[in-house]
Amino acid sequence: MIPLSWYLILAAALFCIGLFGVLGRRNAIAILMGIELMLNAVNINLVAFWRYRAAEGIAGQAFAIIVFAVAAAEVAVGLALIISIYRRRNSVVADDINLMKG
Amino acid sequence: MDHPITIIARWLETLMLGWGLAPGAVTTILTLLGAAVVGAFGLGLVIFTIWLERKLYARIQDRLGPNRVGPWGILQTFPDMIKIFTKEFITPDGADKVVYNLAPILSVSAVLLTWAVIPFAPAIIGTDVNVGVLYLVAVGSLGALSIIMAGWSSNNKYAMLGAFRAVAQMVSYEVPMVLALLIPVLLAQTMKMNGLVEAQQVWFIFYVPIAALIFFITSLAETGRAPFDLLEAESELVAGFQTEYSGLKFGMFYVGEFLHAFTISALTATLFLGGWQGLGAERFPILGTIFFFIKTFAVYFVVIWIRISLPRLRIDQLLNFSWKFLTPLALVLLLATAIVEKLWLDLYPSLNLVVGAVPWVHAGVHFVLNLLILWGMLNLLKPHKVKTRRTVAEPRPVAVAPEPPVSEIS
Amino acid sequence: MTPVQLIFLAVAAVTLAAALMVVLTRNLIHAALWLIVTLFGVAVFYVLLNAGFFAVVQVVVYIGAIAILFIFAAMLTRRVMQDTGPQLNAGSWLAGLVAVLSFGGLVAVLSQWPGFSSQAAALPEGADPLVQLGTALVSPDAYVLPFELASVLLVAAMIGAITVSLEKKP
């Protein structure tokens, strides 16, 4: 059988790859993709913990459903903002959106 | 008396166990074999349905249709297939090769995956997941993905515009489809496909005809069949997202579309017409399969009939219809059905009905609710009725001599 | 190595490789397509975790909606087909270092935990997790409040997204 450690290491790896995507990419849309990877890693963690440690209750699954909803809402608003910025500034490179830079 | 497929499966199982294979391996091999059979059956059925559609199309239009190759032209699809196989693959310059080749495969796969959850008989179903209905929605959304991939990778702005429109249409019509799918789930209290079929003592189309109609219309729009076939009409945007595809790749899109049309007929028959239910279907499962196919072909006939008869809708008419009409209607129907169902479950023991009459009274209650909603909707739509024809301009006189100019010389 | 473990390792390898391609590839649309592969891999993990409902919801929500949104946004915010310029910014080596250190730190901290290598207990008989989840999400002494708040959040996000991206009528 698959021990819990495999799922946790997988989720940690996915989270860190997403973290690299957020910190290391120039394009704002690519940064959002990194955020999606991180949210997916969190979801895997939640469902794995539910299955292995708390399968009688339903807390893990309920939390994971809320994370699905939040991720969808965040992607929608984030992409709307990026498209709006692209219309004004004609660029989605994160470094170019620096009007408030002191 | 068992279904022939169950008999064959059991015979194969004893055969392989006799060869000394482990039971786990036998199950895996039988599962893979079943999946291959379902896929091959689906694709083989397309050959028949293409002929059926062309023949019906022709006969309704008062012409003959294919009638040379084989009796009644029944073998016509084979020469067409050979022709498509032997055409040259022209890949546009600058196209993204991997995505370009993957799109038609994904398009056909998205439709074939649906066949995994359709119940052909009480015990013949690919896999009876307990989220069968949600699985249908999930797989349907993969089709939209293949269209974007096709449109974008063709490096052609008309293909991309066509793909945008196609995806807008498919995504817009997914919303009322999911809402309409929730209503049989409410009534049957399960998402399993077999559970939905077994709960239909009375066909769901008599319970909730509006939901059946919404599901049918939105599935037609998902497929891209007429009257929603703006995406592939030759007079619009060349051929939409399929512009740059030739030969077998176009053949895959074509096959995928026909298979999709047949699949939605099968789904409507399963969800709203009782699937394999019928006289004697539990005792002789083979009868269940026959009933299922009769119902599916009846719905498919209606699909073809609609395609032939109705003119095409414009893209803004399409999207308005989905967002401003179907979605609110489906939401209202869902709320009303949920409330009535809850009231029914609480109140019907106190009515002391004969056991056999309970499903019919239940159906009658929901049918009356549907009629009320229909009447309310028609009343709400009355102010929008087009009263008179809008006069755009004065009709031009065709063959009238112009007035002679007034002469200066009197 | 049981077959389930082999399947897990294969799918994990595919998922992590696809995730790496998401963050490293130059072409943004290719990154979106690799993201779809990753999301499929995650759906398979949900199936392995006896949460089949989540696998299907993952495909519907993430692949059917969010991934298509990403592809649309990537198509609408570029002017030429081919990508130009490097995709990793100036501090990406530091980002890589942070990512690797975080991974090492997470694994180190988790392996101290005694429950790290627990095996899966058998699921309690009888209750269908799907029915349990549905009841829990609408029952007043369970999770109806987060459920309703999530609905409000989705409505707010919908209105906000439409308002932000609406083009002003000239």
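## Fold of chain C

Read along the sequence, chain C follows the pattern α-α-α-α-α-α, with six helices and zero strands. Helices (H or I, at least four residues) and strands (E, at least two) are DSSP runs, numbered from the N terminus. The model is a predicted one, in which local features need pLDDT of at least 70 and side-chain atom pairs count only at pLDDT 80 or more, while totals for chains, interfaces and linings use all residues. Residues are numbered from 1 along each chain as its sequence is written, and chains are lettered from A and ligands numbered from 1 in the order in which they are written.

The C-alpha trace of chain C spans about 60 × 40 × 30 Å along its principal axes. Its radius of gyration is 21 Å, whereas a compact globule of 170 residues would have a value near 15 Å; the radius is taken over C-alpha atoms, and the globule rule is 2.2 Å times the number of residues to the power 0.38. Chain C is divided into domain 1 (1-82) and domain 2 (130-170), with bounds that come from an automatic or database domain assignment. The C-alpha centres of these two domains lie 24 Å apart.

Buried residues make up 31% of the 170 residues in chain C. A residue is buried if 20 or more other C-beta atoms lie within 10 Å of its own, exposed if 12 or fewer, and partly exposed in between, with C-beta atoms placed from the backbone. Among contacts in chain C between residues at least 6 apart in sequence, 46% join residues at least 24 apart; two residues are in contact if their C-beta atoms, placed from the backbone, lie within 7 Å.

## Contacts between chains

Of the two pairs of chains in contact, chains A and C share the most contacts. In this pair, 60 residues of chain A are in contact with 69 residues of chain C. On the chain A side, helix 1 (4-24), helix 2 (28-53) and helix 3 (59-89) each supply at least two residues, and helix 3 gives the most, with 20 residues. By class, this side of chain A has 45 nonpolar, eight polar and seven charged residues. Here Ala, Val, Leu, Ile, Met, Phe, Trp, Tyr, Cys and Pro count as nonpolar, Asp, Glu, Lys and Arg as charged, and the others, Gly among them, as polar.

No contact joins chain A and chain B, and their closest C-alpha atoms lie 15 Å apart.

## The largest nonpolar core

The largest nonpolar core holds 183 residues, of which A:Ile29, C:Ala32, C:Ala67 and C:Phe70 touch the most other members. Helix 3 (residues 52-76) of chain C gives the most to this core, with 17 residues. Such a core is a set of buried Ala, Val, Leu, Ile, Met, Phe, Trp, Tyr and Cys residues joined through C-beta atoms within 7 Å.

Leaving aside neighbours within four places in sequence, A:Ile29 is in contact with A:Ile82 and A:Val92, and also with C:Leu28, C:Phe70, C:Ala73, C:Ala74 and C:Thr77.

## Domains of chain B

Chain B is divided into domain 1 (1-86) and domain 2 (92-380), whose centres, taken over C-alpha atoms, are separated by 22 Å. The contact takes 22 residues from domain 1 and 21 residues from domain 2. On the domain 1 side, helix 2 of chain B gives the most, with 13 residues. By class, that side has 13 nonpolar, seven polar and two charged residues.

B:Ile306 lies in helix 11 (residues 285-309) of chain B. This residue is partly exposed, because 15 other C-beta atoms lie within 10 Å.
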